[in-house]
Amino acid sequence: MNIENVTISSNKEIAMNLWRMSMNAPKIAAAYMGPGQFINILPNNNWEHPIRRPMSIASVNGNNVEIIYKIFGDITDQLSRKNSGDTINILGPLGNVFTEWDNKDVEPILIGGGVGLAPILNVYESCRNPFMIIGAKTASEHFMKHDPKNNIYLTTDDGSLGIAGNVMKAMDEIVLHENSIIYACGPEPMLHVLQKHAANKNIRIQLSVESYMGCGVGLCQGCVIERQNGHVQEHSYHEKYSLVCLDGPVYKNSEVTFG
Ligand SMILES: Cc1cc2nc3c(=O)[nH]c(=O)nc-3n(C[C@H](O)[C@H](O)[C@H](O)COP(=O)(O)OP(=O)(O)OC[C@H]3O[C@@H](n4cnc5c(N)ncnc54)[C@H](O)[C@@H]3O)c2cc1C
């Protein structure tokens with residue numbers, strides 16, 4: 001793990017309220033282990049917002065690290081006002097990685113909902129012809145083409161682009177096999193439904209969880225998620241709860257529960 005002052009090389013709006021930022025981050029790029037990992041960003045060195053904000057790594061090319069982020073509140077708004085040449089402080093790379101997507105015997109089904117698309121696109125860029133489903137509320141939040149012939153399915157809640165409905169509607173178009181693995185990142189209700197779906201179909205799933213997070217390194221204990229079959233032992237709650245920053249953000253099958 002590194003802490004690095006990095007220089008922004010580009011920062012552009014790619015869809016409504018959705019931005020892609022590239023930064024020159026040699027230390028973080030050198031330590032990067034693969035899709036799933038994230039960085040924790042401090043856009044300004046002041047006491048107004050002392051807590052960092054986690055963002056998944058969307059790609060790493062040479063020294064260049066990219067994120068894709070949506071403006072939710074103050075920090076992401078501040079990020080969107082940064083120009084190339086500005087610096088920000090980042091901590092990372094943090095967290096674990098998606099696995100097996102590079103195994104030629106595996107059929108990856110990639111699913112991103114909302115801002116969960118960043119780590120999913122990262123896997124997509126590295127995979128051979130996977131299926132990918134990206135869900136959003138409306139057409140203006142998408143920046144890709146709905147292209148079922150090339151196994152790219154976009155969904156919109158309001159039906160303004162691609163398949164009308166949520167990502168589960170697009171799942172109906174995909175035939176699952178024994179060697180399919182679902183890789184998903186997005187809101188917890190989506191992850192919950194997909195987790196149940198995978199269990200019903202008896203296929204494997206890897207879920208990247210975006211819980212609220214403070215430090216990103218296990219100190220603040222802010223990002224707990226319940227383990228499926230956890231129990232509390234005397235003086236320890238770690239048997240029952242997992243820290244997304246240290247144990248995750250990627251969890252397999254029914255390791256954690258959203259219920
Ligand atoms: C491991 C990880 C990876 C992430 N990757 C990305 C990414 O690639 N792109 C991206 O846009 N965002 C990502 N996020 C979420 C991102 O960190 C938050 O959107 C960010 O903290 C918002 O900061 P803010 O100051 O702009 O808004 P805040 O003022 O912190 O929040 C604004 C509103 O957004 C909601 N909110 C904030 N964070 C979360 C959250 N984690 N879960 C649910 N609701 C939340 C809150 O309800 C709040 O009212 C990730 C989070 C985690 C834990």
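## Position of the ligand

Domain 1 (2-94) and domain 2 (107-257) both contribute residues to the shell around the ligand, so the ligand lies between them. The model described here is a predicted one. The space that the ligand takes is the largest pocket.

Which elements give two or more residues to the shell around the ligand? They are strand E4 (53-56), strand E6 (64-70) and helix H2 (74-80). Of the shell, the largest share comes from E4, with four residues.

## Composition of the shell

In total, 19 residues surround the ligand. Arg53, Pro54, Ile68, Lys70 and Thr76 are the closest of these residues. By residue type, the shell around the ligand consists of eleven nonpolar, four polar and four charged residues.

The side chain of arginine 53 has an N or O atom 2.9 Å from an oxygen atom of the ligand. Arginine 53 is also listed among the closest residues of the shell. An oxygen atom of the ligand likewise lies 2.9 Å from a polar side-chain atom of tyrosine 212.

How much of the accessible area of the ligand does the protein cover? On its own, the ligand has 880 Å² of accessible area, and the protein covers 76% of this.

## Cis peptide bonds

Most peptide bonds are trans. A cis peptide bond, however, joins glycine 92 and proline 93, with omega at about -10 degrees. Proline 93 is located in strand E7 (residues 87-94).

Glycine 248 and proline 249 are also joined by a cis peptide bond, with omega at about 10 degrees. Proline 249 is placed in the loop between helix H6 (244-247) and strand E16 (250-252).

## A positive phi angle

Most residues other than glycine have a negative phi. Asparagine 129, in contrast, has a positive phi, near 45 degrees. Where does asparagine 129 lie? Its place is in the loop between helix H3 (117-126) and strand E9 (131-136).

How values were computed. Residues numbered from 1 in each chain as written. Predicted model: local features only at pLDDT ≥ 70, side-chain atom pairs only at ≥ 80, totals over all residues. Heavy atoms only, no water. Near = heavy atom within 4 Å. Polar contact = N/O pair within 3.5 Å; in protein donor to acceptor, adjacent residues only side chain to side chain. Areas by Shrake-Rupley, 256 points an atom, 1.4 Å probe, with all protein chains shown as cover. 1 Å grid on protein atoms, 1.4 Å probe; cavity = no way out; pocket = protein on both sides within 12 Å on 5 of 7 lines; lining within 4 Å. Sits in = over half its atoms within 2 Å of the grid points. Nonpolar A, V, L, I, M, F, W, Y, C, P; charged D, E, K, R; others polar. Domains from an automatic or database assignment.
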